[in-house]
Amino acid sequence: MKDEKVIGKVQDPKIRVQNFEEVELGYTKEEALKESARCLQCPKPRCVQGCPVSIMIPNFIKAILAEDIEKAYEVISESSSLPAVCGRVCPQEKQCEAMCIKGLKGDAISIGSLERYVADQAYQNNFISTIKKEKNGKKVAVVGSGPAGLTCAGTLAKKGYDVTIYEVLHKAGGVLTYGIPEFRLPQSIVEKEVESLEKLGVRILTDVPVGNAITLKELQEEYDAVFLGTGAGLPKFMGIPGEDANGVFSANEILTRINLMGGFQKSSKTPVKLGKKVYVIGGGNVAMDAVRSLKRLGLDAHILYRRSEEELPARKMEVEHAKEEGIVFDLLQNPTKIIVDENNNITGMEVVNMILGEEDADGRRSVTKEEGSEHIVDCDMVVMALGTDPNHEALKESDIALSDRGLIVVEDHKTSLDNVYAGGDAVTGAATVILAMEAGKKAAQEIIEAIS
Amino acid sequence: MFKVIQNKELVKNCYEMIVEAPMAIQKAIPGQFVIVMAKEDSERIPLTIYDYDKEKGLLYLIYQIVGASTEELSKVKEELFGVVGPLGKPNEICKDPNEYEGKRICYIAGGVGIAPVYPQVKYLKEQGMDIDVIYGVRSANQLIIQKKIEEVAHQMYYTTDDGTFGTKGFVTDVLEKNIKNYDIVVAIGPVIMMKSVSELTKKHNVKTIVSMNPIMVDGSGMCGACRCEVEGKPKFACIDGPEFDGHKVDFDLALKRLNIYKEEEKEKWEDMKTLLQEEVSYEG
């Protein structure tokens, strides 16, 4: 018999496209035990090397088998500040699971599903991480409450640092709150993760625009160290004609209205402008989140991506789920013009076919237009999910060194300013939740070394 | 939570709110704005910082009821769920008044546009500058903070569409007569007014600053809802503005983009009115 992984239950696609409840229901105890038993408990675990925050994976799996969830949660908490989040949104197939020795011949261990199981059980049983230390009198400011900031804050608080997070929005979580939709990462999970940080003594100040209400320089004076986890929040547009049409939105705007402002509920006070047929331009996780959200709100929802399915940057699971839900993938196409009527409303879009070329230095295949292949597609809404650039609002009045691309320049997470560290999308450009967490954790370790 | 000190109707459907929000105003310079939320599930509403008391940490706001969310704001008695600010760039003259020494400046306010105009004129007077103000409304019963603006303006002109106060006509009528007296015009009010002023000043080659009021969500550069076209390029009013060169703004596009949520807004307001009526009938 083939050594197959245990697949957890998911909501039926026909039903889930009508709600915003979680797609994956998570392992039952029996499923978790069965999957855990597949783990070989390698003495030199490759999976740990594949994990950006180096969770001791075999150890927590062993604890699941021993039915000691509290212990399993503690193992994960030692390395990760956001276990329930990672289990859901990490691209495990490119990280821990890609390294799993079992994956060579059959299915890798479903590490992500097991991690999620542990975190969900821990929350249900109200375990909070017991790793809490006496305050050591050192103060650190964290700017931004996304995955990088939360992880940095959590790592420091566990070592006794007095941490204050500054967040410009009214709710903490950054992209976990405004970006990732309810059906992939329920708000209640993010709230619990934030709450557990507060229990560790982290202070979170929402509604504070650093750069305007308080400057980076003032934070430098007031705190022993500052961590910038300001992310990459500035949405990109294509610069094609018609992009200012009333029906063209950034994925950030659509997701913010739907997630942060509650637009997925009919009772929401913040409106979401819905068309009948939408093209979401792009192929990353944000594009998948936007297109699947809009499908749930009743639209004929399409992805338009300039490369082929092979190159879609989104997490594999999201693409599969999107297909099951009836999202149409229009591949190897790119918009050239958005067509509007006299009221600036969209009546259609001109797109051109694309041809895949050779791989470039980064391993991405180039694309070129197929001359003369321009044609009009019917639609009344277009969402741009083309990635984001860093936002420099928090850096005002500082002369922090930036790269040509506008990214914060760091060496070992240290910026050009005294006692100012940075990590996450603000340093790397738009990337994943887990990479931001890795940076937050490593920066915290650098801070500890520098100021203790 | 932010303590509300006062929330009263000045004239029909136009309110003044005073709220304790020291963080939002400590560093504020006229031209900047805040975003407020009445309750946790409310819409985020951008409003100009129209006055402040930095010692007491008080923020002064003026708003007009235009839909369900501002209606909800008008019902707030004790506290606001959210106030974030200061947002946006300060007015360029207020940011660096020395640069504008000797320049003859005229401010033009249309309707509740007097709210953002007032703090700028007040601030510049404190810097020793004489600022003329043209304030236009549809009818005399819509005039607000008249005493306050008169205290800080050098020369004050009023216009009403119906002639019930000041000159009968539009702000542009008064401006055209006096345009030779000015080097710079700052116009804040309805898009259509800012457009007319900018067309007039362009003819006379007088530098003009306008303050855009597009639809906004986060106010921190994250969503792009507020994009305006300036010199053919998209600019975010929340972080690149809200003030722009009036001779470079595409006002027609801005007008169309203000209509994006018109149907949804109308529906929400209808729902809310029904709800309010039901509440009244329960009480009655």
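Between them, chain A and chain B bury about 3,600 Å², with 54% of that on carbon and sulfur atoms; buried area here is the accessible area (1.4 Å probe) that two parts lose on being put together, summed over both. On the chain A side, the residues that lose the most area to chain B are A:Asp244, A:Lys269 and A:Lys273, which together account for 20% of what that side buries. The size of an interface is often given as the accessible area lost when the parts come together. Counted by residues, 41 of chain A are in contact with 42 of chain B, contact meaning heavy atoms within 4.5 Å.

This is a predicted model, in which local features need pLDDT of at least 70 and side-chain atom pairs count only at pLDDT 80 or more, while totals for chains, interfaces and linings use all residues. Residues are numbered from 1 along each chain as its sequence is written, chains are lettered from A and ligands numbered from 1 in the order in which they are written, and side-chain values use heavy atoms, with hydrogens and water left out.

One salt bridge joins A:Lys273 to B:Glu264, with the closest N and O atoms 3.3 Å apart.

In chain A, β5 (234-235), β6 (248-250) and α13 (251-260) each supply at least two residues of the side that touches chain B. Helices (H or I, at least four residues) and strands (E, at least two) are DSSP runs, numbered from the N terminus. The largest share of that side, 4 residues, comes from α13(A).

Next come the strands. Two strands pair if DSSP finds at least two bridges between them. In chain A, β11 (residues 346-359) and β12 (residues 365-369) pair in the antiparallel sense over 4 bridges, and A:Ile355 has A:Thr368 in β12(A) as its bridge partner. These two strands form a hairpin with 5 residues between them, and A:Gly363 in the turn has a positive phi of about 85°.

Chain B has an open sheet of 7 strands with mixed pairing, in the order β12-β11-β10-β9-β13-β14-β17. Its edge strands, each pairing on one side only, are β12 (167-168) and β17 (243-245). Strand β11 (residues 156-160) of chain B pairs with β12(B) in the parallel sense over 2 bridges; B:Thr159 has B:Thr167 as its bridge partner there.

Finally, consider helix α11 (residues 187-199) of chain A, where A:Gln187 lies. A:Gln187 is buried, at a relative accessible area of 12%, whereas A:Ser188 is partly exposed at 39%. Buried means under 20% relative accessible area, exposed over 50%, and partly exposed in between (1.4 Å probe, protein chains only). The side chain of A:Gln187 reaches the backbone oxygen of A:Leu176 at 3.4 Å.

Methods: A salt bridge is a side-chain nitrogen of Lys or Arg within 4 Å of a carboxyl oxygen of Asp or Glu. A polar contact is a pair of N or O atoms within 3.5 Å; within protein, one must be able to donate a hydrogen and the other to accept it, and residues adjacent in sequence count only if both atoms are side-chain atoms.
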